[in-house]
Amino acid sequence: MRFLLLLVMLTACAATPQDLSGKMFIFPQETSTANVRLTASRQGFGAVTVCHRSFTDLKRDHALFSLATRSSANDFMIIWEEANKGIAPHIKNTKTEYKGLDYKSNMWHSICTTWDSQSGLVQLWFDGQPSIKKFISSGSDISVSTIIILGQEQDSHGGGFDLKQSFSGMMSDVHMWDYTLSPCEIRRYVDELNFTPGNVLNWSALEFQITGRVLIEDKQNLCS
Ligand SMILES: [Ca+2]
């Protein structure tokens with residue numbers, strides 16, 4: 001009975017959403033282990049928008065968002081590829097690449113990625129600027145059994161991490177929706193105005209689990 005109570009308390013603790021408004025995750029080391037696993041509030045997506053802000057000085061590949069399912073490790077994955085100097089969305093294990101972005105080190109970048117399974121088109125909004133729409137994958141949804149990880153790139157469902165693709169730096173304002181956001185909604189996100197928070201991942205009510213050295217601090221660390 002006591003064990004059961006402890007179990008219930010632990011479960012309740014892990015499942016309590018936290019308001020991370022004004023805060024950021026800090027990944028202060030390059031490891032193949034440190035990560036944050038995010039709990040999606042719904043599963044199975046015919047359309048997706050993922051937005052996040054990140055800050056790094058890495059000069060190698062690094063994953064910005066990794067969503068794996070049992071059927072595919074790269075069901076929805078966003079990675080900077082140093083060799084190609086581009087941001088590569090992977091959706092349903094298919095990849096496309098956006099080059100020519102002003103992806104500078106040591107400053108915040110807002111990145112939103114939209115996709116819908118009907119048209120199969122993906123679009124990247126980099127610091128509020130829309131890319132061209134590219135065909136990536138159509139006809140089937142992102143299935144249930146999603147595992148969403150920040151800080152590492154999944155080569156298998158919930159694992160297969162590689163230090164050379166890990167993220168170090170800061171990350172904030174991670175939201176995910178199960179529909180494509182309008183250009184005006186994306187503008188509001190980029191400008192940090194009121195916007196409709198993610199209905200799959202919501203930074204102001206985020207369920208997550210930290211493994212290894214990842215810290216949470218206030219984002220505002222400059223005098224203003
Ligand atoms: Ca990998």
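Two residues are in contact when their C-beta atoms, placed from the backbone, lie within 7 Å. With the whole chain of this predicted model on display, consider its contacts between residues at least 6 apart in sequence: 68% of them join residues at least 24 apart.

Along the principal axes, the C-alpha atoms fill a box of roughly 60 × 45 × 35 Å. The radius of gyration is 17 Å, in agreement with the value near 17 Å that a compact globule of 224 residues would have. Colouring by secondary structure shows two helices and 16 strands. Of the 224 residues, 35% are buried.

Next, select Val50, Leu64, Phe65, Ile78, Cys112 and Leu150. These residues have the most contacts inside the largest nonpolar core, which comprises 49 residues. In soluble globular proteins, nonpolar side chains tend to be buried together. Centre the view on Leu64: leaving aside residues up to four places away in sequence, Leu64 touches His52, Ser54, Ile78, Ile79, Trp80, Ile111 and Phe167.

Then move to helix α2, residues 183-190, and select its buried residues, Ile186, Tyr189 and Val190. Viewed down the axis of α2, these buried residues fall within an arc of 95 degrees and so line one face of the helix. An α-helix has 3.6 residues a turn, so residues three or four places apart point the same way.

Which strands do the buried residues of α2 pack against? Select β3 (47-55), β9 (109-116) and β10 (121-126) to display these partners. The tour ends at Glu192, which follows α2 and has a positive phi, near 60 degrees.

Terms used: Residues numbered from 1 in each chain as written. Predicted model: local features only at pLDDT ≥ 70, side-chain atom pairs only at ≥ 80, totals over all residues. Buried ≥ 20, exposed ≤ 12 C-beta atoms within 10 Å, placed from the backbone. Helix = DSSP H or I, 4+ residues; strand = E, 2+ residues; numbered from the N terminus. Arc of directions from axis to C-beta. Core = buried A, V, L, I, M, F, W, Y, C linked by C-beta atoms within 7 Å. Rg over C-alpha atoms; globule rule 2.2 N^0.38 Å.
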